[in-house]
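Have the coordinates open while you read.

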Amino acid sequence: MADSKIAVQDNDQPLLLADGLGKSYGRLSACRDVSFALYPGEVLAIVGESGSGKSTLLQLLSAQLSPSAGKVSYRMRDGVMRDLAALGEAERRFLLRTDWGYVHQDPVLGLRMAVSAGANVGERLMAVGWNHYGRIRDTATSWLERVEIDVGRIDDAPRTYSGGMRQRLQIARNLVTEPRLVFMDEPTGGLDVSVQARLLDLMRNLVSELGLAAIVVTHDLAVARLLSHRVMVMKGGRVIETGLTDQVLDDPREPYTQLLVSSILPA
Amino acid sequence: MNAPVYNFAYLDEQTKRMIRRAILKAIAIPGYQVPFASREMPMPYGWGTGGVQVTAAILGPADVLKVIDQGSDDTTNAISIRKFFARTAGVATTTATADATVIQTRHRIPEAPLHGGQVLVYQVPIPEPLRFLEPRETETRRMHALGEYGLMHVKLYEDIARFGHIATSYAYPVKVNARYVMDPSPTPKFDNPKMDNCPALQLFGAGREKRIYAIPPYTSVVSLDFEDHPFTRYRFDAPCALCGADDSYLDEIVTDDQGSRMFVCSDTDYCENRQAQGHRGSESAAPHKERPHG
């Protein structure tokens, strides 16, 4: 197939490119001079303490905020690198609900709490023109199975779900259109440790099965260690250290990173 | 004693100009909700303040007005609005669908086919079809602008998941002119096919929500559905008890506390015409018969 040939060639080229990215609110600079390249299938963790600019950076990368400086480019499905700021609103929203996923820390933001789980998963399909109830429902069912939600609960609203189930449902809802890039903002925040472990396990499997690229913002170094290939450490809006995950976490160079790593409570 | 003197059709001329501008824009963009500066009317919101303003703006001295409420010409709401315009505009009124040039309606489209030159004015409580799924007005406007209507199918999906079929029976969403998704006001979905390619002009006025929208004559109006759950009309499976019609939309009337009920045409004009033509239903042999009490 021609498509797969293009995809193979594309693996050598970055999927997302940040160049001198910055955002300031008046005198307050939330995020400064961030540059990196993300390749297809790669998982990048952005770690740092609260207020270090992680979430601002994620919003800049996912085109939900417009940068004060620099630019973000993304390789579209046709292989052309496009500047996100130059996309029209319709294109940007289309990208966000087809080729991208966005997993919020609070599933209430990412789900429609009043409609059933099946419709939550099916919404993206209907948004791209699926018009066959049976097929939408079959796809939703298979995705609930993949994220280990009891299929018998497909017609229940996520209101009635536990925190861990809501988060898994949010992941299914995002992955149903087979995106190539998923943004995750503290995906395990607010979940207890055993549920976290299960969710991380699930995400790691999905990411490797689907060959997803992902950008995960987290303050939890364990999440970074389990999920990501590369880590970026942020402090005061700047990237202070970047490298392979085990290299950064086992042999941190910057004093701040050393502090972060040594702050983990021994189990 | 000085009786208050109103302008023709109650509203002042500047207000009518403003409403007519909104109507013209609405006709130019079929199905698009045009904001307008809705006025206070001498009736409560929910009684048709939007429809009354649209009617007031388009009414001329030569027009013949018909007002229906749930298909009926003789309910309180219909009679009040008809009298309101008979008094403030002095226009002729009628109950015959074919004779009217302007028909203001709440919740029904007449059974008799409309013809060119007629205007059907709907009273609309909630003009936004996406409202109950997306509460943010800023967001729904953006979705209309970008034609993002996946959410509308989420509602239909929910119906099928819950009830096994599309259970939405009124205010059934339609796509107008292959562009805007529109709420046809709370008409039964039985009436949806009548909107498609209709020779009459259809205007929708929502007074509280301050919106006017329109379907120009001969415009395509398609009810949304799924390939494997196509749109279907719905009516009670019975003939009208008064005129025997088996193709009209029926009201269910409870006749006692023992579970008896009868079905009659909701469109009174249609039913009376048929009875005048000699059609009879099961209950019409002795229409004035009173049951003994006690």
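What follows covers the interface and then a single residue, all from a predicted model.

## How much area gets buried

Interface size is often quoted as the accessible area that is lost when the parts come together. Here, chain A and chain B bury about 1800 Å² between them, and carbon and sulfur atoms account for 55% of that. On chain A's side, A:Arg93, A:Asn131 and A:Tyr133 do a lot of the work: they supply 37% of the area chain A buries against chain B, more than any other three residues.

In terms of residues, the contact takes 22 from chain A and 21 from chain B.

The salt-bridge rule picks out six salt bridges between chain A and chain B. One of them pairs B:Glu148 with A:Arg97, with the closest N and O atoms 2.8 Å apart.

Looking at the side of chain A that touches chain B, the elements giving two or more residues are α3 (89-98), α5 (117-127) and α6 (133-146) of chain A. The residues on that side split into nine nonpolar, eight charged and five polar.

## A closer look at B:Ser266

B:Ser266 sits in the loop between β12 (261-265) and α7 (268-276) of chain B. Is B:Ser266 buried or exposed? It counts as buried, because its relative accessibility is 3%, under the 20% cut-off.

Its side chain makes a polar contact with the side chain of B:Arg108 at 2.5 Å. Leaving aside residues up to four places away in sequence, B:Ser266 also touches others, including B:Gln70, B:Gly71, B:Tyr249 and B:Asp251.

Key:
Residues are numbered from 1 along each chain as its sequence is written. Chains are lettered from A and ligands numbered from 1 in the order in which they are written. This is a predicted model: local features need pLDDT of at least 70, side-chain atom pairs count only at pLDDT 80 or more; totals for chains, interfaces and linings use all residues. Side-chain values use heavy atoms; hydrogens and water are left out. Contact means heavy atoms within 4.5 Å. Buried area is the accessible area (1.4 Å probe) that two parts lose on being put together, summed over both. A salt bridge is a side-chain nitrogen of Lys or Arg within 4 Å of a carboxyl oxygen of Asp or Glu. Helices (H or I, at least four residues) and strands (E, at least two) are DSSP runs, numbered from the N terminus. Ala, Val, Leu, Ile, Met, Phe, Trp, Tyr, Cys and Pro count as nonpolar, Asp, Glu, Lys and Arg as charged, and the others, Gly among them, as polar. Buried means under 20% relative accessible area, exposed over 50%, partly exposed in between (1.4 Å probe, protein chains only). A polar contact is a pair of N or O atoms within 3.5 Å; within protein, one must be able to donate a hydrogen and the other to accept it, and residues adjacent in sequence count only if both atoms are side-chain atoms.
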